[in-house]
Amino acid sequence: MRFLPVITIIILFVFCVGIDAYIAWDIKSSVRKRPKVWTGIHIGFSLLCWGLLLAIILCMGSKDRPLFSLMWMIYTFLSVYILKLLYVIFSALGRLLRLILKNDKCFVCGRIVGLALGLIAFIAMWWGALVTRYEVDIEKVTVSSERLPKSFDEYRIVQFSDAHVGSWGDDTTFISKLVSEINSLKPDLIVFTGDIVNMETSELEPFLNVLSKLKARDGVYSVLGNHDYGDYKAWENPSDRETNNALLAIWQRQMGWNLLNNRHVFLKNGTDSIALIGVENWGEPPFRQYGDIVKAYLASASGRPEDTDALKDNNFKILLSHNPEHWNREVSFSTNVDLTLSGHTHAMQTMLRLGNWRWSPAEWKYQQWGGLYERLNDDGEPTRLYVNIGSGEVGIPARIGATPEITEITLKCK
């Protein structure tokens, strides 16, 4: 396994060299005016790209790798080679059709189509990095239930998720905008469904003051996501990871957030109440399994035994669980949770939308990747899931069509 990164880099390098070699040959054999000059320009630009790849490799090999810079270097490299790859695919296809059909127009069309698609992809990628990732989309959702107490009719919950503040370095501009948008909705409750950082708690420090400005009548509640446990960093000592995780809980309290680690609380309105349950991250392999809904049912945030007893009755229940697979594999079948709120998927930060139709490559991995879903549990009762596609980025600093999301959920009593 330790040789896997080396093998991946070698394959990537050979792949990129192959692409650049084809383009150099294509220019030399097809360009009539000054082919040597254009070939030289291409080779010079390719050497710059290979230098960028070398810088990426050196950064990845460093113990203190600069995540913010690394993301942008990787993204720049990918945007260039996706353009080149599309050109190579269609140019080669045009050459093949020219041989089969004996028609030079096929080759010309192939090159034009490849170059056009490559440029479209390049522009879309950088539009997502420089424009879309700074926008905010407010999704309004209504959830109706016969189990909801009448005093909670029109109760409004604002959900946001996957902030990944480390992807912004110490620039608080976007997070400040996000907080202002959330507060402008004047919600009854604010919930955050995990992944506030990328690798370690220290990323959160520049944003403590901004995030502490979130205000709602019934407070701000949160759960942890897979990135919040420090599992993506190679710690020199296990105690460092434990200190990192303890600090995250402390800082969330300082921000005025209520972290529900396998616990529950009751939100009260007069004599009525609804249950808000939070589980730690319900991980899929190779992620660790921290979430425990049975424990969350039993452990109240206040520690009072009457809370535990009250949860056994017919309360309307809202579950905060970072990974929607938790609802898909367990919650929707074996519990009486009415509404689960999740994040995690990011819609893979890429989404196509036309009217009410939406598509994302996240569909290849998740049955529920964004929006509202419903099914009947084992007792024939309806249970619902809402997946927020997140407001931040990880891996690549862009959102191509998948605009950062705030969800305003209005509860309705049937």
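**Exercise 1. What percentage of the 414 residues of the protein chain count as buried?**

Let's start with the ground rules. This is a predicted model, where local features need pLDDT of at least 70, side-chain atom pairs count only at pLDDT 80 or more, and totals for chains, interfaces and linings use all residues. Residues are numbered from 1 along each chain as its sequence is written, and side-chain values use heavy atoms, with hydrogens and water left out.

Step 1: Buried means under 20% relative accessible area, using a 1.4 Å probe and protein chains only.
Step 2: By that cut-off, 50% of the 414 residues are buried.

**Exercise 2. Describe the overall build of the chain.**

Step 1: Look at the extent: the C-alpha trace spans about 85 × 50 × 40 Å along its principal axes.
Step 2: Turn to secondary structure, where the chain has 10 helices and 14 strands. These are DSSP runs numbered from the N terminus: helices are H or I with at least four residues, strands E with at least two.

**Exercise 3. Where does Asn198 sit, and is Asn198 buried or exposed?**

Step 1: Find Asn198 in the loop between strand S3 (189–193) and helix H6 (208–211).
Step 2: Check its relative accessible area: the value is 1%, so Asn198 is buried.
Step 3: List its contacts (heavy atoms within 4.5 Å). Leaving aside neighbours within four places in sequence, these include Leu67, His164, Ser167, His227 and Glu393.
Step 4: Look at Ser167 again: its side chain makes a polar contact with the side chain of Asn198 at 3.0 Å. A polar contact is a pair of N or O atoms within 3.5 Å; within protein, one must be able to donate a hydrogen and the other to accept it, and residues adjacent in sequence count only if both atoms are side-chain atoms.
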